[in-house]
Amino acid sequence: MLCPCRTHNLGLLLMLTVFFVFFLADSSSSCMDEKQTTLSPTEVNISLSVQTGAKVVLCCPFIPRSSVLVIVTWQIILRDKPLCSISYKRETNETLENNCADGRITWASGPDQSPHLQIHPVAISHEGNYRCQMATIDGNFEHKYHLQVLGKESHIFYIGLLDLC
């Protein structure tokens with residue numbers, strides 16, 4: 001039995017999924033957060049899906065120019081690997097890395113210019129959780145990402161759809 005409502009919803013879901021896969025696959029654009037004017041100390045959780053070989057830039061929270069940055073830390077948790085952390089201390093202009101062996105994960109530019117993280121080219125091994133923590137004199141700010149890495153071609157299959165009309 002055909003359910004137009006459910007069929008329409010599945011079609012809409014498929015179109016949105018394809019749109020987001022293609023939109024996020026070219027994540028090499030600059031961070032949109034820089035257009036914000038204020039941000040209260042808070043957490044932001046973002047899930048991203050990108051294709052292997054793409055370039056992705058993970059953004060730290062935007063902080064107003066009037067706020068003084070103390071430290072930026074990226075914590076990276078990848079499958080079957082120890083915690084990797086990358087930090088930048090503004091006061092000493094010092095960058096520290098701990099357990100980070102993948103040269104494809106770098107600062108998008110110098111950490112003194114931009115705290116954002118770049119992965120290029122993205123590989124399946126980059127799937128995991130990324131967290132940017134920023135400490136300022138005005139408080140702490142945090143963005144969390146869950147990065148899902150897709151193969152070159154991604155297909156969506158609906159197997160065993162129930163006919164519950």
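Predicted model: local features only at pLDDT ≥ 70, side-chain atom pairs only at ≥ 80, totals over all residues.
User: Noted. How many disulfides does the structure hold?
Analyst: It holds 2 disulfides. One of them is formed by C60 and C132, with the sulfur atoms 1.9 Å apart.

User: Where do C60 and C132 lie?
Analyst: C60 is in the loop between β2 (56–58) and β3, while C132 is in strand β8, so the pair ties together parts that are 72 residues apart in sequence. The link of C60 and C132 is right-handed, with 100° about the S-S bond.

User: And which residue does C84 pair with?
Analyst: C84 is joined to C100 by a disulfide, S to S 1.9 Å. This pair links distant parts of the chain, 16 residues apart: C84 sits in strand β4, and C100 in the loop between β5 (94–98) and β6 (105–107). The link of C84 and C100 is right-handed, with 105° about the S-S bond.

User: Why does C84 count as buried?
Analyst: Because its relative accessibility is 9%, and buried means under 20%. C100 has a relative accessible area of 22%, so it is partly exposed.

User: Switching topic: how many salt bridges are there?
Analyst: A search of the whole structure finds 3 salt bridges. One of them is between the side chains of E127 and R79, at 2.5 Å, N to O. That pair links distant parts of the chain, 48 residues apart, with E127 in the loop between β7 and β8 and R79 in the loop between β3 (69–78) and β4 (84–89).

User: What about E127 and R79, buried or exposed?
Analyst: E127 counts as buried at 17% relative accessibility, whereas R79 is exposed at 53%.

User: Last one, H126. Where is it?
Analyst: H126 is in the loop between β7 (117–119) and β8 (128–136). At 0% relative accessibility, H126 counts as buried.

User: What does H126 touch?
Analyst: Not counting residues up to four places away in sequence, H126 touches several residues, including L78, I105, P121 and V149. D102 is also among them, and a polar contact of 2.6 Å joins the side chains of H126 and D102.

Notes:
Residues numbered from 1 in each chain as written. Heavy atoms only, no water. Helix = DSSP H or I, 4+ residues; strand = E, 2+ residues; numbered from the N terminus. Buried < 20%, exposed > 50% of the residue type's maximum accessible area, 1.4 Å probe, protein only. Polar contact = N/O pair within 3.5 Å; in protein donor to acceptor, adjacent residues only side chain to side chain. Contact = heavy atoms within 4.5 Å. Salt bridge = Lys/Arg side-chain N within 4 Å of Asp/Glu carboxyl O. Disulfide = S-S within 2.5 Å.
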